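Here is a note for a colleague who is opening this structure for the first time. Please keep the 3D view at hand while reading.

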Amino acid sequence: MKIDWTKGELRDAVMEKAGVEACIVRLGSAGGGIGIPQLTGTKDRYVVGDVEILEDHSAAMMLRCFAQGEDREKLYLRFGLLPHFPTRICLDLKLLDNSTIYTNRTPGTLKLVCHGHRMERSEVSRFELGIEKVFHEVRVRFSGFYTTDSMPDTFPMPDRKVVDTFGQWKGKEWPKKIHSFEELKESMEAQEGVAEYPFPAWNRWGGDGQRKLKEGTGFFSTLKTADGRWHLIDPDGCDYFSMGPCGTHAGDGCRIDGFETVCDNLPDEKDPAWQEFYTEGIRRRTAYMQPEHFKILNFAGVNLKRVYGQRWREKWEEIAMRSLKTNGINSQGNFPGLHVNDGHDSLPYVRELPGFPMTKTLIFRDFPDVLSEEYRENARVYAAQLNGWKEDPWLIGYFLRNEPEFNFVENLAIADEVLRNPARTCCKQGLIAFLQERYGTAGALNAAWGTDFTDFADLEKPVESCMERYPGSEKDLREYSVFLIREYSRIPAEACRAVDPNHLNLGLRWSKAYNRDMMAGWEYFDVFSINCYDFDPTKDMDFVKNAGVDLPILLGEFHSGALDRGLLATGLKGVPDQEQRAVMYRYYVEKVAGHPYGVGAHWFQYNDQFCLGRFDGENYQIGMVDICMQPSTELMAAAKETAAVLYEVKNGEKEAFGQEPLSIPMIGY
């Protein structure tokens, strides 16, 4: 079915040019959109069409799905598009089932995520195509839209070059943009030198050598002092606050499959000199997603080798260590790459254990059947990885995993999903046994829940949206959900502890702290970790503390980005310029240090992302260095200023930096 744009229903938008086949719309900064009434009458699976962003930066597009009588979408798909880059999109309406947060990319489209609560097609009263909130109106051209049950055969690319030989966006200029090999060489060589901390009181770990809090164990540990403050303790027994970037690698992965024709002078992938910078194959982002083909090029590595030849990695390590340590950065966050478990002196680091235990049958998204023997056995195999790491004193500790995807659904109760899932899982058998023990008879259960089950065997069949349909069930299902989350944490945590008693278990790196159920199992961790993309992390830290978690809190990810240094999207927090990125860094890190439970804050990430997107399409200006390895001087200076007062702020002797950053709505996906 073809979409007729003359029938579009505008909200916070102006139609500049309308036609049946195509239109140009000016979408309001509050998140304007154009309703597509024809979509509510079709059963086709896909919405396909061509979109062009008529601005000089990327846009976060939105397909909003509204229920009858609601003025806020119940579910939405958010996806990124490049500027002045006509792109064929293909939106899968099967995603209304909310079974995933992530999807595989189609050529030209950037990252796509799904947020909200599941909907039936018949429940959607309005489909609206628009933008996320942004700092100004955005002009967009829509053309050739239709619905279909088949994926399109082609995803055409523009017939022009948009990426230069160094991996930079050609359509913008900015201070210190590299235009020649000579400029690249001069920039890199200026960063060489010895790596030393600038503060005499700091020891080799980056701890405060004048604040010995207990006898050293040879490994990192924790301590809660008499004043109620939690601390990390370095291997010598000194106070340690972990401050540094995630992803300390020589460049970020730049996904180029499908984009080869829009890039200038790509290195010959068949030439042995450049093969080490290409990665090609099949990957599956999560256990439940379809595998996809990818081709990655490390542009930063190519740039380094152009300057240093075969010594490029050695020189990168020198440059990176000097840049970080001389600015008071004493840690590597998740995904570390500088002298990791290699016997060299290093920057202390944290890491995520890959391959968190899964089961063949999943309950919802990536939540496994945690009561099964399969889960316990996979946890033992997973924990065995620590055998090769348990003697490294530079390893602070390990995360069990990163951002469980089931937690992105606000107020989720896992037990509700256990009942909805048609599979005969161990979790379902355990829930039924729990209810039998509590109620004895189906009649007593019915009286409490307001249901009409004949017997407990009826719970073997799928029960759709049990808590919503039968509010009396919520108390029991919440209680059992807490039990399941605790088992989700306990089983792999105990398996890891049995293998490696030396290092700290840093928990699960929750994506957000807003569901008390997800705090369950904290007692099996040494540190509680959350990723918090706010300007002030205090609210999330207090949520964890007030939920009864008595552990040090590590902020595993935060960042901000701007549009004044060549990239096209801000990331998950936007600011006007580099000066405000620096303000945001100081404000955030010192808020964490000043919190009695705060022990670390890790910036995401070390490298800027690629203008055409990393593996999943993120293309954010969030790095401490750009694709040509030039440091963000404003951000590095802010890190050094915070490091200079870090331990005084941590111990309540000095007020945290109080200047709030100026913000703009994010351009992120």
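The numbered points below go from the whole chain to single residues.

1. Basis. This is a predicted model, in which local features need pLDDT of at least 70 and side-chain atom pairs count only at pLDDT 80 or more, while totals for chains, interfaces and linings use all residues. Residues are numbered from 1 along each chain as its sequence is written, and side-chain values use heavy atoms, with hydrogens and water left out.

2. Overall form. The protein chain holds twelve helices and 27 strands. Both are DSSP runs, numbered from the N terminus: helices are H or I with at least four residues, strands are E with at least two. The radius of gyration is 26 Å, close to the 26 Å of the globule rule for 669 residues, so the chain is as compact as a globular protein of that length. That radius is taken over C-alpha atoms, and the rule is 2.2 Å times the number of residues to the power 0.38. Along the principal axes, the C-alpha atoms fill a box of roughly 70 × 65 × 50 Å.

3. Burial and contacts. Of the 669 residues, 61% count as buried. Buried means under 20% relative accessible area, exposed over 50%, and partly exposed in between (1.4 Å probe, protein chains only). Take the contacts between residues at least 6 apart in sequence: 73% join residues at least 24 apart. Contact here means heavy atoms within 4.5 Å.

4. In soluble globular proteins, nonpolar side chains tend to be buried together. The largest nonpolar core has 204 residues, and Leu129, Phe142, Phe406, Tyr585 and Leu612 have the most contacts inside it. Helix H9 (residues 474-499) gives the most to this core, with ten residues. A second, separate core has five residues, including Ile101, Tyr102, Val113 and Phe408. A nonpolar core is a set of buried Ala, Val, Leu, Ile, Met, Phe, Trp, Tyr and Cys residues joined through side-chain atoms within 4.5 Å.

5. Glu405. This residue sits in the loop between strand S23 (395-399) and helix H5 (414-420). Is Glu405 buried or exposed? Its relative accessibility is 6%, so Glu405 counts as buried. Beyond four places in sequence, Glu405 touches Ile101, Tyr102, Thr286, Tyr288, Arg365 and Asp366. Its side chain makes a polar contact of 2.4 Å with the side chain of Tyr288. A polar contact is a pair of N or O atoms within 3.5 Å; within protein, one must be able to donate a hydrogen and the other to accept it, and residues adjacent in sequence count only if both atoms are side-chain atoms.

6. Arg586. Helix H11 (residues 578-594) contains Arg586. Arg586 has 14% relative accessibility and therefore counts as buried. Its side chain joins that of Glu590 in a polar contact of 2.8 Å. Outside four places in sequence, Arg586 is in contact with Ala638, Glu641, Thr642, Val645 and Phe657.

7. Strand S19. Five of the six residues of strand S19 (residues 292-297) are buried. Strand S18 (residues 278-283) runs antiparallel to S19, joined by six bridges. Within this pair, Gly281 stands opposite Phe294. Strand S17 (residues 254-255) is also antiparallel to S19, with two bridges. There, Cys254 has Leu297 as its bridge partner. Two strands pair if DSSP finds at least two bridges between them.
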